[in-house]
Amino acid sequence: MFDKVIASIDKKLERFDPIWRAEHGVGGQRDRYYDKTGVAKYREWRGCRDTFYDYTCWLKNLASMAQMVASAPVACLKGFWEYRWMGSYLGTFMFIDRLYEGYRGTELRIAHMHMHAIVQSLTKRIAMILSNDERFGGGPLTDRMVAMDETIASIMMQGYKDLIPIPLQTLPEFIICDVDQHIEPYYIDVAESFGLPADVCSRCAAETGVALDDAYPIVGKVLISTNMPCNASEATSMFQRRRYGKPDFAATLAMQHNEPEALPFSKQVLKDCMAFVEKEYNVTFDWNSFFKAAELFNEQNTIELEKWDFFKTPYSPLTGISETLYKLYEWQSVNGSDPYFNEVDRKVIEIMRQAYKDKYQPFGGRTRHRAFLWGPSAVYYTDFPTWVQNCWGINIVLNMDSTMGYNMINTEDPEQAMDDLTRIAEKTTMRHMAVGGWDNVNSVWDWAKSFNCDMVLMNDNIACKGMLGVHALMEEQARDLGFHFIFIEHDLEDSRTVSRQNMRDCVNSYMSVVLGEEPLDPTIVEFDDSEAY
């Protein structure tokens, strides 16, 4: 009886569903927004059950934000006063709403499980860091923290059970540029005002600008920097080390890590790094503590590899940005340190198994193409995978960054564990596929074929000196191998150079001119969102 009542209400209100409106030519997703902004006039109607579920998840994330402020009210207030990037986190809720436009049913539930895991973890971390920031007088955990470049596999630090690894760039740069496209250009301008050339990678420029603007929280006794993921990052690390003003260790791992000599070299670098930490903090590496974290890490990777089996089918409810953001955060910031993420992984894989048994097709079966998203993404346009699905029915099956560091870690033999840890460190975010050698870049075709994709979308960072030379080669190979191939120009974190609409136009032109297809939702083919977060 209850189901019939719900079905009746859904039928009466379906005219407010943007998907229904697009299918009937009376509107679509963009109708809900104020012009030029990412501010919606009202929440997306998804039917009674999904709308209610979506709203309860909004409340859960709001509760996590409130708990953050309640746990450290003075530190958070000082953070908003001191750091420009803190204010951008107020756009988190609009950011999440945009990420999951058009999501329904099982894919919506998995997406919110993933996002809440990130939100509750991130809010706790923000409160902890601000409460121990030396700029605000420090705190009880300050001297137990270890500031380290976010591209270093932080699971290494789990061998020091009393120390807390803090990925340096995550809060003021890596995460916040996803939420707010207007924040990083400020830091880019700061870097250029100090004489940094304007044609360098905008991520490196932004990280440099954050350092020069004194916008990194100061925690811990040391700074561990790195040469990853690319040559431009080496210069960035130099600026960060000088401005941070702490004893530092440069973990310079081998770039061409497929070479036989790379593993012993990089392994020794990590051993030297561990010795540096032990000296500065007067601690000893505890292999039992490390193995405990490695077991959680291995479980995450085991589940990840099983997810890949489902990704190869039409019946995976985990796709697009839901898959990408969660995997990126879990690998980059969790690394086996938080059992909550393992709990989420177990729940999600059970849902995926059942969805496969039920032959569940995400997005109502409206998907037309299966695509592999390759290359460092334009992080200021995080909801791009959602847009391509809603507009053109392109299902982003997997993202390049999800293919990193999935090897297991031996949990019995310390020497073998060091080999495994080194392999993980060598295959960190962006680094393995973008600058790890031509064979790694060229593997895109094997990945796309393995996941039964007919299309490859390659993010084409116009300021990446390392990747600019492969453009024509990739175009030629795509034609020979029979893949639909779209280069999507962007400037990573500087939306002034290539706007979100410019990126969408790359897809629009290919889909309409080359393939002759009509959009699923005409309201989002071309629109002005230049003032959106």
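1. Two strands pair if DSSP finds at least two bridges between them. Strands (E, at least two residues) and helices (H or I, at least four residues) are DSSP runs, numbered from the N terminus. Here β3 and strand β4 (residues 248-251) run parallel, joined by 4 bridges. In β4, D248 is the bridge partner of L223.

2. This is a predicted model: local features need pLDDT of at least 70, side-chain atom pairs count only at pLDDT 80 or more, and totals for chains, interfaces and linings use all residues. Residues are numbered from 1 along each chain as its sequence is written, and side-chain values use heavy atoms, with hydrogens and water left out.

3. β3 also pairs with strand β1 (residues 145-148), in the parallel sense, over 2 bridges. A147 stands opposite L223 in β3.

4. Which way do the residues of strand β3 (residues 223-226) point? L223 and S225 point one way, I224 and T226 the other. In a regular strand the side chains alternate between the two faces of the sheet. L223, S225, I224 and T226 are all buried (under 20% relative accessible area; exposed is over 50%, partly exposed in between; 1.4 Å probe, protein chains only).

5. H490 lies in strand β8 (residues 484-490). H490 is buried, because its relative accessible area is 0%. A polar atom of the H490 side chain lies 2.8 Å from the backbone nitrogen of L492.

6. M1 lies in the segment before α1 (2-13). M1 counts as exposed because its relative accessibility is 79%.

Methods:
A polar contact is a pair of N or O atoms within 3.5 Å; within protein, one must be able to donate a hydrogen and the other to accept it, and residues adjacent in sequence count only if both atoms are side-chain atoms.
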